[in-house]
Amino acid sequence: MSHHDHHEGHHHVLSDSTALKTILALLSLTVITVAIARVDLGVLNFPVAMFVASVKAVIVCSIFMGLKYENRENTVIFSTSLLFMLIFFILTFGDLLTRGDVYVKGQIIPAELQAAGPSKFSKPWIESPEIIAHGKGLFAAQCTSCHGDGGAGNGPAAAGLNPKPRNFTVGEGWKNGRKGSQIFGTLTKGLNTMPAFGSLPSEDRWALAHYVRTLGPHSAEKDSDADLAKVGVDPNQEGGGGSAEKSIPLEAAIEILSES
Amino acid sequence: MGSTTSVAGQRQHAHHFKNGREEFEACKQGMWIFLVTEVLFFSGLFLAYAILRVFYPEMVAAAHHELDWKMGGLNTVVLLISSWTMARAVSAAQRGQAQKVVSFLLATFICAGIFMCVKYMEYSHKIHEGLLPGSLFSFKDLLSVDKVGLFFSVYFVMTGIHGLHVLIGMGLILWIMKRASRNEFGPNYFTPVEMLGLYWHFVDLVWIYLFPLLYLVS
């Protein structure tokens with residue numbers, strides 16, 4: 001048996017008419033692709049465009065590349081690339097779309113905190129052991145990822161931040177000051193890489209301010225009525241400087257973390 | 001590889017194959033495996049594009065208006081036609097019509113040339129307007145759009161690497177044309193033409209997706 005025998009009659013030769021029909025079909029599908037892009041199908045535009053492209057791809061693979069005319073081996077081989085591409089996409093998006101609660105830990109306000117329950121503290125700007133204890137719990141949940149468990153500014157996420165998170169254990173260097181109202185203001189509005197926590201109920205922000213003050217050397221500075229007025233508190237009325245803002249500063253936090 | 005070539009595609013297969021048919025099938029399978037690696041190579045770029053679409057849909061929508069769909073559409077048509085002429089070149093090689101192989105390969109080469117000319121016009125327009133990747137982006141009307149330079153990073157890398165494939169393909173076409181004109185191919189031996197065809201159709205395949213993704217986003 002010479003190799004000559006094995007060659008003849010085995011290879012499929014694409015006929016000229018099939019080739020012509022194929023190119024005409026591909027060109028028609030291209031016209032369709034452009035035409036549907038001009039029509040607003042809402043969310044369907046993208047899937048339809050990808051479907052038409054895939055029909056074209058299958059035509060090219062099966063007829064021009066000849067997969068249709070041979071045994072299945074090469075089809076299976078080529079399909080594995082699509083399988084691995086799918087795995088690649090699923091793993092990557094599985095990561096990217098669920099990063100929020102990993103990287104932004106501390107910036108997400110738990111729903112139970114956002115829900116404004118009955119106020120436990122009628123005048124939260126006044127320091128008390130109870131409100132400091134409340135602030136300690138909030139600090140552990142909200143602040144330690146950046147500021148560290150002991151408040152020394154050395155939490156796991158601190159490495160990626162510039163400027164670095166405030167070290168609460170020293171009394172100097174506080175940009176906005178270290179009075180309760182000043183810390184309350186920083187919590188409400190944010191400062192550099194520190195996101196705004198205005199979405200926390202005001203009494204929680206006060207509780208955090210009081211707790212944070214206990215982490216460093218004792219400070220004798222007290223809030224005057226004027227200080228309180230600056231953050232919207234009337235010392236003669238109950239409440240605590242306005243209600244919580246509705247929006248969560250999640251986007252701001254992602255922005256800060258992604259730039260670092 | 002230890003094989004010799006004589007006239008009109010009469011060729012002794014390499015000694016480690018049972019026959020020419022087996023040699024051909026092995027070559028073709030190797031080519032398909034190469035194309036698998038090509039898909040994986042491009043999939044990283046398609047993924048980068050998908051991430052942009054998911055995270056910055058408005059940016060992608062605003063940026064794509066700066067691409068001329070007529071240019072992209074023209075290139076799609078040109079590349080599809082080149083796939084057709086390439087398929088005809090393979091058929092002609094199988095039938096031992098050397099002159100037709102050369103003619104169809106020349107037609108394919110011309111289509112590829114048109115594709116690259118259109119690409120050149122698109123690129124020079126974008127460079128002139130400052131529609132450039134990343135921080136080089138300086139097109140005034142879109143400067144306010146957040147992260148818009150990323151779209152053009154992806155655009156230039158995707159179309160650039162695809163264009164590089166076209167250029168490599170053009171070189172390969174010239175080489176196979178030369179061999180065809182020496183009457184090297186016939187019904188018993190047309191492996192290089194077939195492999196070139198597979199490569200060229202793959203380049204077309206990538207563009208089939210690039211065109212709607214980059215030019216026709218809605």
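From the N terminus on, chain B runs α-α-α-α-α-α. This is a predicted model, in which local features need pLDDT of at least 70 and side-chain atom pairs count only at pLDDT 80 or more, while totals for chains, interfaces and linings use all residues. Residues are numbered from 1 along each chain as its sequence is written, chains are lettered from A and ligands numbered from 1 in the order in which they are written, and side-chain values use heavy atoms, with hydrogens and water left out.

**Stop 1: chain B on its own.** Select chain B and colour it by secondary structure: there are six helices and zero strands (DSSP runs numbered from the N terminus, H or I of at least four residues for helices, E of at least two for strands). Of its 218 residues, 56% count as buried (under 20% relative accessible area with a 1.4 Å probe, protein chains only; exposed is over 50%, and partly exposed lies in between). Among the contacts in chain B (heavy atoms within 4.5 Å) with a separation of 6 or more, 76% join residues 24 or more positions apart.

**Stop 2: B:Glu23.** Next, pick B:Glu23 in helix α1 of chain B. Is B:Glu23 buried or exposed? B:Glu23 counts as buried because its relative accessibility is 9%. Leaving aside neighbours within four places in sequence, show the residues that B:Glu23 contacts: B:Arg11, B:His13, B:Ala14 and B:Phe17.

**Stop 3: the contact between the chains.** Now bring chain A into view. The contact takes 53 residues from chain B and 52 residues from chain A. The area buried between the two chains is about 4,800 Å², with carbon and sulfur atoms giving 72% of that area (buried area is the accessible area, 1.4 Å probe, that two parts lose on being put together, summed over both).

Stop 4: To see a salt bridge, show the side chains of A:Asp16 and B:Arg95, which meet at 3.2 Å, N to O. Then colour α1 (20-55), α3 (69-94) and α6 (191-215) of chain B, since each supplies at least two residues of the side that touches chain A. Which helix gives the most to that side? The answer is α1(B), with 20 residues. By class, the side of chain B that touches chain A has 30 nonpolar, 15 polar and eight charged residues (Ala, Val, Leu, Ile, Met, Phe, Trp, Tyr, Cys and Pro count as nonpolar, Asp, Glu, Lys and Arg as charged, and the others, Gly among them, as polar).

**Stop 5: two asparagines.** Most residues other than glycine have a negative phi. Select B:Asn183, where phi is positive at about 65° although the residue is not a glycine. B:Asn183 sits in the loop between α5 (148-181) and α6 of chain B, and counts as partly exposed because its relative accessibility is 30%. Then move to A:Asn192, which is not a glycine either and has a positive phi of about 50°; look for A:Asn192 in the loop between α9 (180-189) and α10 (202-215) of chain A.

**Stop 6: cysteines.** Finally, select A:Cys61, which counts as buried because its relative accessibility is 11%. B:Cys111 also counts as buried, at 11% relative accessibility.

Key. A salt bridge is a side-chain nitrogen of Lys or Arg within 4 Å of a carboxyl oxygen of Asp or Glu.
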